[in-house]
Amino acid sequence: MTDHQGGPSAQDLEERVLLRELEAIHRTRHETLLHGSDDALVTHTKRMNELEREYLRRHPQRAQTPARTRSGARARTAEGD
């Protein structure tokens, strides 16, 4: 399923490992964007997308914070007017 090198498929990861991998990749994203080579950024993006897709596949009904939705953002903007 994946075309990246150096890690198991996200589908093969145990839940705790998937969450740990997601935390690590989000933690390193900014540094990769600012200072990584083009190839490093492409690889990072592919792996991040793979991990995020797998998380969403496993948790389609995940809890969503109302303030993090479009309608919540609109309500926040309207309150500031």
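**Figure 1. Polar contact between Pro8 and Arg47.** In this predicted model, a polar atom of the Arg47 side chain lies 2.8 Å from the backbone oxygen of Pro8. Arg47 belongs to helix 2. Its relative accessibility is 10%, and Arg47 therefore counts as buried, the limit for that class being under 20%.

**Figure 2. Helix 2 and its buried face.** Helix 2 comprises residues 38-58. The helix has 21 residues, and the distance from its first C-alpha to its last is 30 Å, close to the 30 Å expected at 1.5 Å a residue. Six names make up its buried set: His44, Arg47, Met48, Glu50, Leu51 and Glu54. Viewed down the helix axis, these buried residues fall within an arc of 160 degrees, so they line one face of helix 2. An α-helix has 3.6 residues a turn, so residues three or four places apart point the same way. Asp38 and Arg57, on the other side of helix 2, are exposed. Helix 1 is included in what covers the buried residues of helix 2.

**Figure 3. Helix 1 and its bend at Thr28.** Helix 1 runs over residues 15-35. At Thr28, helix 1 bends by about 40 degrees. Val17, Leu18, Leu22, Ile25 and Thr32 are the buried residues of this helix, and the buried residues of helix 1 pack against helix 2.

**Figure 4. The largest nonpolar core.** Eight residues form this core: Ala10, Leu13, Val17, Leu18, Leu22, Ile25, Met48 and Leu51. Helix 1 and helix 2 are the elements that each give two or more residues to it. The greatest contribution comes from helix 1, with four residues. In soluble globular proteins, nonpolar side chains tend to be buried together.

**Figure 5. Surroundings of Met48.** Met48, a member of the largest nonpolar core, is one of the buried residues of helix 2. Leaving aside residues up to four places away in sequence, Met48 touches Ile25, His26 and Arg29.

**Figure 6. Glu31 in helix 1.** Glu31 is located in helix 1. With 48% relative accessibility, Glu31 counts as partly exposed, because only values over 50% qualify as exposed. Between the C-alpha atoms of Glu31 and Ala73 there is a separation of 28 Å, and the two residues are 42 residues apart along the chain.

Methods: Residues numbered from 1 in each chain as written. Predicted model: local features only at pLDDT ≥ 70, side-chain atom pairs only at ≥ 80, totals over all residues. Heavy atoms only, no water. Core = buried A, V, L, I, M, F, W, Y, C linked by side-chain atoms within 4.5 Å. Buried < 20%, exposed > 50% of the residue type's maximum accessible area, 1.4 Å probe, protein only. Contact = heavy atoms within 4.5 Å. Bend = angle between axes of the 7 residues up to and from the residue. Polar contact = N/O pair within 3.5 Å; in protein donor to acceptor, adjacent residues only side chain to side chain. Expected span 1.5 Å × (residues − 1). Arc of directions from axis to C-beta.
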